[in-house]
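Have a look, then read on.

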Amino acid sequence: MVIKVFLASSSGSTAIKKKQQDVVAFLEALKVDYTQLDIACNEENRMWMRQNVPEEKKPANGIPLPPQIFNEESYCGDYETFFDAKEDNSVYSFLGLPPPPGSKEAVKAEEEQIVENGTHPEETNAEGNPDDSIEVPVEERNGDAHGKAEQVHAADEEEEGEGGGEEEEGEAAGETADDEATEEDTAGDEAPVEETAEVSEDTEAHAEEEEQEEADDDREEEE
């Protein structure tokens, strides 16, 4: 596709000359291939331009003034529409050309497509539909699965924490019961000791009584 810029090399209007220079300089800065067609020295170019500018784009007198811009046979616009496209970072769209990757217009078009379709341009096929052949990163594809797995893991930890608390309470209760049983056994062991002490005291008292009786008997015999 060739961009055609219709100019008037010998125009007496300073305003027209400035507009023509602005268009040419900007196209060269963008490194866009274009062809200049002079309507001042070539009547055929003048007639073609006048015939191919749409009626609704012509001024009141019906004679369009340069610069006029075409993409092959398709009309792009005049200086005013070109200027508006430049201010809006949409010159490539104005010219009917695909914006180069990384340009402001390409980034803008990509953002608009994301908003409209919810997908990146590289994730769509020629028809503009989501391309199933594009491999989606595992992290993105399994994002929901990871989230669910983390939730399940957290729930398991909570259950284990509750179970652990119950086990600790059970162990504490068991230890308390063992302590009580030990105290009872100790008390049971102390009781026989006291009984044994009482028996020993009784035996000693009985022995003293017998010794006293024997002493009394001996005195009686002596008398």
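The protein has 7 helices and 4 strands, where helices (H or I, at least four residues) and strands (E, at least two) are DSSP runs, numbered from the N terminus. Keep in mind that this is a predicted model: local features need pLDDT of at least 70, side-chain atom pairs count only at pLDDT 80 or more, and totals for chains, interfaces and linings use all residues. Residues are numbered from 1 along each chain as its sequence is written, and side-chain values use heavy atoms, with hydrogens and water left out.

Q: Why is Ser103 called buried?
A: Buried means under 20% relative accessible area, exposed over 50%, and partly exposed in between (1.4 Å probe, protein chains only). Ser103 has a relative accessible area of 16%, so it counts as buried. Ser103 sits in the loop between α4 (91–95) and α5 (104–117).

Q: What makes strand β1 largely enclosed by the rest of the structure?
A: For β1 (residues 3–7), 5 of the 5 residues are buried, so the strand is largely enclosed. Both faces are covered: Ile3, Val5 and Leu7 are buried on one side, Lys4 and Phe6 on the other.

Q: How do you know that β1 and strand β2 (residues 34–38) pair?
A: Two strands pair if DSSP finds at least two bridges between them. β1 and β2 have 5 bridges, in the parallel sense, and Leu37 in β2 is the bridge partner of Phe6.

Q: What about β1 and strand β3 (residues 68–71): in which sense do they pair, parallel or antiparallel?
A: Antiparallel, over 4 bridges. Ile69 in β3 stands opposite Val5.

Q: How do you know what span to expect for α5?
A: The expected span of a helix is 1.5 Å times one less than its number of residues. The 14 residues of α5 should therefore span 20 Å, and its end C-alpha atoms are 20 Å apart, which agrees.

Q: Why are the buried residues of α5 said to line one face of the helix?
A: The buried ones are Glu105, Ala106 and Gln113. Seen down the axis of α5, they fall within an arc of 100 degrees, so they line one face; the arc is that of the directions from the helix axis to the C-beta atoms. The face turned away from that buried side carries the exposed residues Lys104 and Val115.

Q: What do the buried residues of α5 pack against?
A: They pack against α4.

Terms used. Contact means heavy atoms within 4.5 Å.
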